[in-house]
Amino acid sequence: MLDKKQLKKEQIIECALELFASRGFYSTTIPDIAKSLKMSVGNMYNYFKSKDILASEIIKYISVYLGKKLREINEEDISTKEKTRKIVEMYFKTASVKPEMIDYFLRIYLSNREVFRDTCEGMLCVNEFVTEIMIYFEEGVRCGDLREQDFFSAFGLFMGYLGGMVFLKGEDILPKDLNEYVEDITYNIYKALSSQ
Amino acid sequence: MKTKMKVLWLSAISCNGNTHSFFNYSQMEQFLEDFEFIYHPVIDSKYLLQDIVSQDIECDVLLIEGAISKEFKRADLSIVDIIQRYSKRVKKIVTVGTCATFGGIFRESGYEKTSGLHFDQEKRVDTFKSLLDKTISLSGCPVHPEVLVNTLYAIKKDITLKVDEFLRPKEFYAYTVHNGCTRNEYFEYKVDNHNFGELEGCMFYDHGCQAPFTHGSCNKILWNEVNSKTRAGLPCMGCTEPSFPRQNLFSTKKNMAIPEHLPVGVNKRVYLTLAGITKAFKIDRLEKKLFDD
């Protein structure tokens, strides 16, 4: 069971995520988040010493959430193609059910690197997520389904594609629901990465 | 007068590399006061190989160097028959080197069902099953002379050596070659800007080093008392393992940037998590030459 302080931290993270998504990162202040949670600003600082630290903790929270989902897929006894489909489905589902998470990742984490420079060097804050993606690739190559290549060329293709689709969805440019693209996107990604 | 322990050094399909390594033992005079070779293929000894195969000569320890095949003969007798004959009378049998233990490089030649005494790589061979309790495996290409000599002294002094699943004494094989490597800092922070023969950089990530998953004391009991492969700037080639020799010994097999063989006992997820964290930091000191001048 999570202790009280941890539980409160998660409440703050989820509230901040919503506010950042609706009002924007720079327009949302710590007092705004405190007010929304009916907490005093002073008490907020007991949990997060600064907005930058809160920002880093949020990205770690998202990484742990997505990493856990990916791990469940990685541990299933299914083909790499099937795993590819499940990862696409999971990512799009998260974008629908918790749009603020993917939104934060794309619009705040990737677009405001200066905020994360000191606390999230390299892949430090997205370690859980990247680790599972690496395992998906490694196991795909090891069993002969995927072609051996540089990790980042494969990673960019996969995550760039998914991120791009969610971004288009967020901009209301996509004519169809994200789920309707799962089949084609799975086919495209798998074909691009496949050893065949 | 002290009783010398009588040793038969039997050479099977071998390059005599373990013999050469043994000659580098620094306390040879002392050793020869305590042990006597009734036969050795290179050292002058009391008996000829012809005598060994035609008579039953008293012997305490049988050392086997080289891979074993029923078809391979010494003095017109199958090596298997010679082993059978002497194994009954000796107190202990020691397989000296990776060929005698697992088949090694001669197994790779494909010559007539060649293997080690009890193992064909990792697989158990039953030909000499009854000798399992008597056998100690000293794998290595070659075996470090101190490992061989200290094992013989343990036999002489009736010290029971704890052994691993391949009958290798844990005293020497419970460690990995990574243990004691002077490049451990480079391993920890994933710095592999290595050039062969130079002092800097870890060779695990790109240059094929097998030290983190190879059992042996190379960085604990140094070669010629001064150095080891990895300290000198050459990757560990995993010569004590059943899989020796693998292919492409100077490059690390990777699947999308992840080494196919990870440090022994380390889960892939754990490895990647740690690697992801350390990779995030750039340690300037480890990027530079150790001696700038």
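So, what is the mean pLDDT of chain A, and what share of its residues reach 70 or more? This is a predicted model, and the mean for chain A comes out at 92, with 99% of its residues at 70 or more. If you go element by element in chain A, helix 7, residues 113-116, has the lowest mean pLDDT, at 84. The highest belongs to helix 10, residues 182-193, at 97.

Okay, let's stay in chain A and look at a helix pair. Helix 4 of chain A covers residues 51-74, and helix 6 of chain A covers 99-109. Their axes come within 10 Å and cross at roughly 130°. The crossing is left-handed. Which residues meet there? From helix 4 of chain A you have A:Ile58, A:Ile59, A:Ile62 and A:Tyr65, and from helix 6 of chain A there are A:Met101, A:Tyr104, A:Phe105 and A:Tyr109. Sort that contact by class and you get 8 nonpolar residues, no polar and no charged.

Now over to where the chains touch. On the chain B side, 13 residues are in contact with 17 residues of chain A. Helix 11 of chain B, residues 268-279, gives the most to that side, with 7 residues. By class, the chain B side has 7 nonpolar, 3 polar and 3 charged residues.

What does helix 11 of chain B pack against in chain A? That would be helix 8 of chain A, residues 127-142, with the axes 9 Å apart and an angle of about 130°. So this pair, helix 8 of chain A and helix 11 of chain B, is oblique too, but here the crossing is right-handed. Helix 8 of chain A brings A:Asn127, A:Val130, A:Thr131, A:Met134 and A:Ile135 to the contact. Helix 11 of chain B brings B:Lys268, B:Arg269, B:Leu272, B:Thr273, B:Gly276 and B:Ile277. That contact divides into 5 nonpolar, 4 polar and 2 charged residues.

The domain assignment gives domain 1 as 5-172 and domain 2 as 175-293. Taken over C-alpha atoms, the centres of these two domains of chain B are 31 Å apart. Where they touch, 18 residues of domain 1 of chain B are in contact with 12 of domain 2 of chain B. On the domain 1 side, helix 5 (98-102), helix 6 (104-107) and helix 7 (145-156) of chain B each supply at least two residues. The classes on that side are 7 nonpolar, 8 polar and 3 charged.

Note on methods: Residues numbered from 1 in each chain as written. Chains lettered and ligands numbered in written order. Predicted model: local features only at pLDDT ≥ 70, side-chain atom pairs only at ≥ 80, totals over all residues. Contact = placed C-beta atoms within 7 Å. Helix = DSSP H or I, 4+ residues; strand = E, 2+ residues; numbered from the N terminus. Nonpolar A, V, L, I, M, F, W, Y, C, P; charged D, E, K, R; others polar. Domains from an automatic or database assignment. pLDDT = per-residue confidence, 0-100. Axes fitted to C-alpha atoms, helices over the stretch in contact; angles between N-to-C directions. Left-handed = near helix turned anticlockwise from the far one by under 90°. Parallel < 35°, antiparallel > 145°, perpendicular 65-115°, else oblique.
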